[in-house]
Amino acid sequence: MTQNPVENNVENNVEKNVENNAEKNSVTLLGLGAMGTALARAWLAAGHPLTVWNRTPARAAVLAAEGARVAGSAAEAVAASTLVVVCLWDDDSVAEALADADLAGRDLVNLTTGTPAQARVRAEWARERGARYLDGGIMAVPPMVGVPEAGGYVFYSGSRELFARHHESLGVPLGTTYVGEDAGFAALYDVALLSAMYGMFAGAAHAFALIRKEDIDPASLAPLLADWLVAMAPAVHETAGRLRSGDYTDGVASNLAMQVAGTPTFLSTAEQQGVSPELLSPYFALMRRRLAEGGGDEDLTGVIDLLTR
């Protein structure tokens, strides 16, 4: 996995910021859903003193047997460690759980899924309460936690100094990628990547639907489909380059006019196979709009400009 250049700069200073006592190396974790429990076990396995809290106490009992200290309240848990990691259901849950906690002097790391705007508001909310703040976007599922070879990682944004201070501890469950001091960037990167993932899933769903009623084993299509998606993936680098340069026509192999001309074939095939075109039609409509505006010699990059107007 390629690390963010900003993170690399931070890592150069990590050794200067390594915490040297048990209190600073301890971790408090609020939230013991599937992801929170996986995080907790990774820290325990690495020997970090861990205090946990969960709204449903029964979920903490098994971790107590594995060495975690179970706090009776979120406020008590926050008081136990300088580093406080939050992994709750949503942003409202964070506000509710921490309503009575004294955050002064605490390093709050919020791994709760939210929007960039929510992260920025939460960062200011934490600052007003005397806490330092990092927001995180988890790019992993629970079975990947504590398994470095699985490739899972967390986007972090907010205080650069705070990331450097706790980089070692935060890197125990999952890899770390620091993406900037704007607290909203981690959530933005997270949602951007997941949005692309769902677009890929949509395309794969349409592909499988096309063969669903035929005498074709889906397992025979799967490796062909996977290899094709991998082969197409490098196109994102070309798109990024064109967005940076502003030139959408240089080196284009299949221009927009050619691609739009081919779209009726996809729609007709779907109709003939009894498959709804609803996953393809919106994108094809954008392609036609860009062509109508004179983008026939471009690749597909111009569609992005239609989305951001």
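**Fold and overall numbers**

User: What kind of model is this, and how are residues numbered?

Analyst: It's a predicted model, where local features need pLDDT of at least 70, side-chain atom pairs count only at pLDDT 80 or more, and totals for chains, interfaces and linings use all residues. Residues are numbered from 1 along each chain as its sequence is written, and side-chain values use heavy atoms, with hydrogens and water left out.

User: How many helices and strands are there in the protein chain?

Analyst: The protein chain has 14 helices and eight strands, taken as DSSP runs (H or I, at least four residues; E, at least two) numbered from the N terminus.

User: In what order do the strands sit in the sheet?

Analyst: The open sheet goes β3-β2-β1-β4-β5-β6-β7-β8, with mixed pairing; two strands pair if DSSP finds at least two bridges between them. At the edges, β3 (69–70) and β8 (175–178) each pair on one side only.

User: And β6 with β7, parallel or antiparallel?

Analyst: Antiparallel: six bridges join β6 (residues 132–139) to β7 (residues 153–158). Ile138 stands opposite Val154 in β7.

User: Switching topic, how much of the chain is buried?

Analyst: Buried residues are 40% of the 309 in the protein chain, where buried means under 20% relative accessible area with a 1.4 Å probe, protein chains only.

User: What does the C-alpha trace span?

Analyst: About 65 × 45 × 35 Å along its principal axes.

Key: Buried means under 20% relative accessible area, exposed over 50%, partly exposed in between (1.4 Å probe, protein chains only).
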